[in-house]
Amino acid sequence: MNEELRALPEEDAERRRIVKALSEIGFCLPGSIGDERTRCGKPNCRCKSDPPVLHGPYHHWTRKIDGKTVGRYLSDYQLDCYGSWFEQAKRIRILLAELETLSLRIVERIEGWDPQSPPTGHHLRNTDEHPPANPSRQRNKR
Ligand SMILES: [Zn+2]
C-alpha cells in the first residue's frame, strides 16, 4: 500500500490530526435527546387546567432500531451521566466527515478529477463529459 506516500505532507498531517482526535473519543450513544412536556391521565391535574401546566420536561432519548424509532426517558441524573456520550457520537460523525472530505480531495488531486459538487439532482450523472479523465496517469498505476 502506498496511499501514505501519495498524500502531501500537509495532507498527511491533517489526517494525523483527525485520527488523533478520533482516538480520544469516549463512549458514544446513538440517537438524540429531546425535551418533552406531557399531559397525564388524571382528570383534575394541573396539566388539564387553562392554561395547562404540562409535566416535565422529560428527557426523551429516541433512536432507530431496524428502521423503527424507539424511545426511553432519562432522569436528570441519567442525562448528567450520559449526555456527553451523545456529544461524542456527534463528534465522531463530524471527524469522519472531515476525514472523508480530506481523502476525497487527495484522490481528486492525484487522479486529476474535477471536484464533484454534492448531488443536487440526477441530471449531473448523465452529463459526464469526459469519462476517462486522465488515461496517461492510469497506465502508470500498477
Ligand atoms: Zn397531569
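## Overall fold

Of the contacts in the protein with a separation of 6 or more, 52% are between residues 24 or more positions apart; a contact here means heavy atoms within 4.5 Å. This is a predicted model, in which local features need pLDDT of at least 70 and side-chain atom pairs count only at pLDDT 80 or more, while totals for chains, interfaces and linings use all residues. Residues are numbered from 1 along each chain as its sequence is written, and side-chain values use heavy atoms, leaving out hydrogens and water.

Along the sequence you can follow the pattern α-α-β-β-β-α-α-α, with 5 helices and 3 strands (DSSP runs numbered from the N terminus: helices are H or I of at least four residues, strands E of at least two).

## Surface

Of the 142 residues, 17% are buried (under 20% relative accessible area; exposed is over 50%, partly exposed in between; 1.4 Å probe, protein chains only).

## The zinc site

Now for the metal: Cys-40 (SG), Cys-45 (SG), Cys-47 (SG) and His-55 (NE2) are the protein donors of the zinc ion, at 1.9 to 2.3 Å (donors are N, O and S atoms within 2.8 Å of the metal, or 3.2 Å for Na, K and Ca). Their spacing along the chain is C-x4-C-x1-C-x7-H.

The arrangement is tetrahedral because the 4 donor atoms subtend angles of 101 to 116 degrees (for four donors, all angles must lie between 85 and 135 degrees). Cys-40 is partly exposed at 25% relative accessibility, whereas His-55 is buried at 12%.

Conventions. Four donors count as tetrahedral if all angles lie between 85 and 135 degrees; four count as square planar and six as octahedral if opposite donors are over 155 degrees apart and all others between 65 and 115; anything else is irregular.
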